[in-house]
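Q: I have a structure to look at and would like to go through it piece by piece. Can we start with the holes in it?

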Amino acid sequence: MVGSIEKYLLNKIELETSIHITLVDPEKITCEQASKVAENSCRSGTTAIMIGGSTFVAQDHLDSVVNAIKQTVEIPIILFPNNITGISPKADAIWFMSLLNSVDPYFLMGVQILGAPLVRKLQLEPISMGYIIVGEGGTAGIVGKALPIPYNKPELAIAHALAGQYLGMHFIYLEGGSGTKSPVPPEVIRAVKSVIDVPLIVGGGIRDKTQAIAAVSAGADIIVTGNIIESINADQKMSEIINGIKNK
Ligand code: 1GP
């Protein structure tokens, strides 16, 4: 079953070859800032807004951030939950994800079982995704109890991605870790993309147009940037990244 937000993403990928999604971390931002980021990102041509962080957030603040963004932009809001507390009623969809290289069954299937009835009750569109932590892995790797896949072991990334696809996941996400010094290398992206048929998402440490173009040229269908919104000249950098991947 493919819902309307997933169709929207797939259509955009088909039309534009590769797309950008802006990640907003509710832990780091006020509602006013979140609205501004969403508005500017939208103006720069981002395709959707993802909302989620790796550690702790008060649920009422998450709800307020989602609501604030919803009132500001019309592009879809997709939750990117790190736990059951990452679910919020006013979003359009949720990455219904399993951390494929976690050693903790909670992050593989436990939290999904706990969250599924709430996702249904709130009528959030679940978009099935296999999440794989590579490289340094960052906070997401620690919190999710992952065994991050080293960048020099692309065959392991391939095995995880294939397993996700064969289990029926609609998207595969290679996560280098938010703020990581080295984003996922093109060789790893290329290796994974060469074996999977579902869209590939890549994020973590993408800070400029050159890195973004390298990721999409290697086969990323979606790139996600988060931290960049906190940098100086954030709007300009975002526009350069988005224009860069559109015109590559
Ligand atoms: C989403 O973790 C990324 O996959 C976001 O990373 O904050 O480094 O852009 P940055």
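A: First, a definition: on a 1 Å grid over the protein atoms alone, a pocket is an open set of points with protein on both sides within 12 Å along at least five of seven lines, a cavity is a set of points where a 1.4 Å probe fits but cannot get out, and lining residues have an atom within 4 Å of a point. This is a predicted model, where local features need pLDDT of at least 70, side-chain atom pairs count only at pLDDT 80 or more, and totals for chains, interfaces and linings use all residues. Residues are numbered from 1 along each chain as its sequence is written, and side-chain values use heavy atoms, with hydrogens and water left out.

Q: Which residues lie nearest the centre of the largest pocket?
A: L23, G52, G53, S54 and F80, out of 50 lining residues. The space in that pocket is about 910 Å³, a volume being the space filled by probe spheres set on grid points, which are joined across faces, edges and corners.

Q: Which element gives the largest share of the lining?
A: Strand β4, with six residues. Helices (H or I, at least four residues) and strands (E, at least two) are DSSP runs, numbered from the N terminus.

Q: How many cavities of 30 Å³ or more are there?
A: One. The largest cavity holds about 80 Å³ of space. Of its 14 lining residues, G52, G53, V57, N82 and G86 are the closest to its centre.

Q: New topic. What do the strands build?
A: A closed barrel of eight, in the order β1-β2-β3-β4-β5-β6-β7-β8, with parallel pairing. Two strands pair if DSSP finds at least two bridges between them. For example, β3 (residues 77-79) and β4 (residues 93-99) are joined in the parallel sense by two bridges. I78 has A93 in β4 as its bridge partner.

Q: Now the helices. Which residues of α7 are buried?
A: V188, I189, A191 and V192, in a helix of residues 186-193. Buried means under 20% relative accessible area, exposed over 50%, partly exposed in between (1.4 Å probe, protein chains only).

Q: Why do they line one face of the helix?
A: Because, seen down the axis of α7, the buried residues fall within an arc of 165°. The arc is that of the directions from the helix axis to the C-beta atoms.

Q: And S41, buried or exposed?
A: S41 counts as buried because its relative accessibility is 1%. S41 sits in helix α2. Leaving out residues up to four places away in sequence, S41 touches T22, T46, I49, M238 and I242, where contact means heavy atoms within 4.5 Å.
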